[in-house]
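Welcome! Have a look at the structure before you start.

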Amino acid sequence: MLTKKQMDLLGFIHKRIQQDGVSPSFDEMKEALDLRSKSGIHRLITALEERGFIRRLPHRARALEIVKLPDAMGDRSNNVTQLHKTPPKPADNTPEFPMGGDVVTLAVMGQIAAGTPIAAIEQVARHVSIPSDMVSGHARHFALEVKGDSMINAGINNGDIVVIREQNTANNGDIVVALVDGQEATLKRLRRRGSAIALEAANPAYETRLYGADQVDVQGKLVGLIRSY
């Protein structure tokens with residue numbers, strides 16, 4: 001059973017998708033539900049996700065999937081409506097890349113900031129072939145082009161292609177793609193500091209940024225790197 005606030009948010013998101021075909025911003029959600037901060041929206045979205053009503057799509061700004069609606073909203077079909085009109089993902093038992101000998105092909109989802117966070121990745125920019133030993137089993141992987149120099153002391157340079165294994169958890173010290181406030185994606189080393197999360201650069205010219213746990217969503221972990229000379 002959903003709370004009134006959860007039902008109100010789900011209904012607002014669904015209505016906006018039906019009317020405009022795009023997601024309402026977090027500020028619009030906050031205003032619609034008369035909440036004081038966006039952290040309340042994050043908690044409501046997490047609760048709806050845990051209950052199977054929505055799904056967050058990785059490496060896309062504010063991209064959500066409505067998986068189902070309560071019967072009270074008059075939708076018994078469980079059809080999926082997706083924000084940003086992104087193509088459906090393969091079934092969980094199907095790799096996202098074609099296998100071929102010792103090489104696999106991954107989608108390069110655009111640029112990722114190794115510096116100040118930039119707008120989250122929205123769409124496939126191109127494809128790249130990588131050695132098959134960079135990926136593991138049937139786990140989903142994607143690639144990103146690095147923009148910036150904040151991770152140079154970790155051996156990650158501007159223009160490199162990083163290979164990311166899609167996952168929503170990370171250990172302290174992992175280099176991850178992190179989505180900040182549901183809007184900006186960045187490549188950083190993750191550290192937990194009590195109830196806060198630190199996103200650390202590997203370049204002394206950049207300061208470590210601290211966020212509340214509800215502000216940071218792990219999108220994937222760095223598992224490989226490709227460099228062109």
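Two strands pair if DSSP finds at least two bridges between them; strands (E, at least two residues) and helices (H or I, at least four) are DSSP runs, numbered from the N terminus. This is a predicted model, where local features need pLDDT of at least 70, side-chain atom pairs count only at pLDDT 80 or more, and totals for chains, interfaces and linings use all residues. Residues are numbered from 1 along each chain as its sequence is written, and side-chain values use heavy atoms, without hydrogens and water.

**Exercise 1.** Find the bridge partner of Ala198 in E13, and describe the strands beside E12.

*Solution.* Start with E13, which covers residues 209–212 and is joined to E12 by four bridges, running antiparallel. There, Ala198 has Leu210 as its bridge partner. Next, turn to E11: five bridges link E11 and E12, also antiparallel. These two form a hairpin with two residues between them, and Gly194 in the turn has a positive phi of about 65°.

**Exercise 2.** Is Glu200 buried or exposed, and what does its side chain meet?

*Solution.* First, locate Glu200 in strand E12 (residues 196–200). Its relative accessibility is 16%, so Glu200 counts as buried (under 20% relative accessible area; exposed is over 50%, partly exposed in between, with a 1.4 Å probe and protein chains only). Finally, widen the view: four of the five residues of E12 are buried, so the strand is largely enclosed by the rest of the structure. Its side chain makes a polar contact with that of Arg191 (3.2 Å); such a contact is a pair of N or O atoms within 3.5 Å, where within protein one must be able to donate a hydrogen and the other to accept it, and residues adjacent in sequence count only if both atoms are side-chain atoms.
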